[in-house]
Amino acid sequence: MAEERSGSAGRDHQSAAPARRASDRGKYGRLSRERVLTAALELVDREGLSALSMRRLGAELGVEAMALYRYAEGKDALLDGLVEALYLELEERLSAGEPADDGWREGLHRVARATYDVCLAHPRAVPLLATRMLAVPLARRPLAVLKDHERVLGLLRRSGLDEAGTAAAFRAFTAWLLGYVEVELRPVVDNPDEPDPAFRLGLHRMPAQDLPTLRETAPALAEPGGPEGLSAGLDVLLDRFTGPDRPAPPRR
């Protein structure tokens, strides 16, 4: 009986012991949040968002998936981390050689161009700029995202807009910038290896009777608008909010 009690106590002690802590020392040394997010972004750049999982990222870094939970609580947190990584890269681009006294309009153009460049460098991660912003309330967004909001709002305020006008212009600026990038990155070419322009664009797949304007415009849509198109549209938008014909303030 004593022997039975002793064995039972030993089993109870074993069950109460803490689980083994997964090591966070991978093939590149000990992990850090920056290293985890960098590896995640590189994986998405190569293979797309569908390839990203804790298990796959752990394999990339040479650690067990459980070790990653110290740096991201789960898949959603990892996706938010990718958004953070994009905005940190944006911050680096803006900080490099930043003019001492940018005018407000020039400053907004710099933000727009740098955002455009970051998005074109990481096109497979761009959908997160919409999907995660739809899922995450303002105050819970990464600090790097909030700093970008603060920068844009501050530049708009310097244009002379009041609080309501600044908010309206901020929405329009964000919609134009991210919308332009999304349209810029949409695939138009159906078969890049096809030398014939019509077959290259897949016009034979579009019924001519139903889609005459789309078929006619498709070659122009296949050409990127580039930063010039982004800049031209931004000036029109800013003139609408800050020029003499600016919208009247909403009635309360």
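This is a predicted model: local features need pLDDT of at least 70, side-chain atom pairs count only at pLDDT 80 or more; totals for chains, interfaces and linings use all residues.
Let me start with helix H7, residues 143–158, and helix H8, residues 163–185, whose axes come within 9 Å and cross at roughly 125°. On the H7 side, the contacts are made by His-149, Val-152, Leu-153, Leu-156 and Arg-157. They meet Glu-163, Thr-166, Ala-169, Phe-170 and Phe-173 in H8.

Staying with H7, the next partner is helix H5, residues 104–121. Here the axes are 8 Å apart, and the packing angle is about 155°. Angles over 145 degrees count as roughly antiparallel, and H5 and H7 are therefore roughly antiparallel to each other. From H5, the residues involved are Trp-104, Gly-107, Leu-108 and Val-111. In H7 they meet Asp-148, Arg-151, Val-152, Leu-155, Leu-156 and Arg-158. Note Val-152 and Leu-156: both are among the H7 residues that meet H5, and both are also among those that meet H8.

Now the third pair. Helix H4, residues 75–95, packs against helix H6, residues 128–135, with the axes 10 Å apart and an angle of about 125°. That makes H4 oblique to H6. H4 passes H6 in a left-handed crossing. H4 contributes Asp-76, Leu-79, Asp-80, Leu-82, Val-83, Leu-86 and Tyr-87. Facing them in H6 are Leu-128, Leu-129, Arg-132 and Met-133.

Last, the surface. Which residues form a nonpolar patch there? They are Val-188, Leu-211, Leu-214 and Leu-221, and together they have about 290 Å² of accessible area. Of these, Leu-221 is found in helix H10, which covers residues 212–221.

How values were computed
Residues are numbered from 1 along each chain as its sequence is written. Side-chain values use heavy atoms; hydrogens and water are left out. Patches are made of residues with over 30% relative accessible area and no salt bridge: like charges are joined within 9 Å, nonpolar side chains (Val, Leu, Ile, Met, Phe, Trp, Tyr) within 5 Å. Accessible areas come from the Shrake-Rupley method with a 1.4 Å probe; for residues, only the protein chains shown count as cover. A salt bridge is a side-chain nitrogen of Lys or Arg within 4 Å of a carboxyl oxygen of Asp or Glu. Helices (H or I, at least four residues) and strands (E, at least two) are DSSP runs, numbered from the N terminus. Axes are lines fitted to C-alpha atoms, for helices over the stretch in contact, and angles run from 0 to 180 degrees between N-to-C directions. Angles under 35 degrees count as roughly parallel, over 145 as roughly antiparallel, 65 to 115 as roughly perpendicular and the rest as oblique. A crossing is left-handed if the near helix is turned anticlockwise from the far one by less than a right angle, and right-handed if clockwise. Contact means heavy atoms within 4.5 Å.
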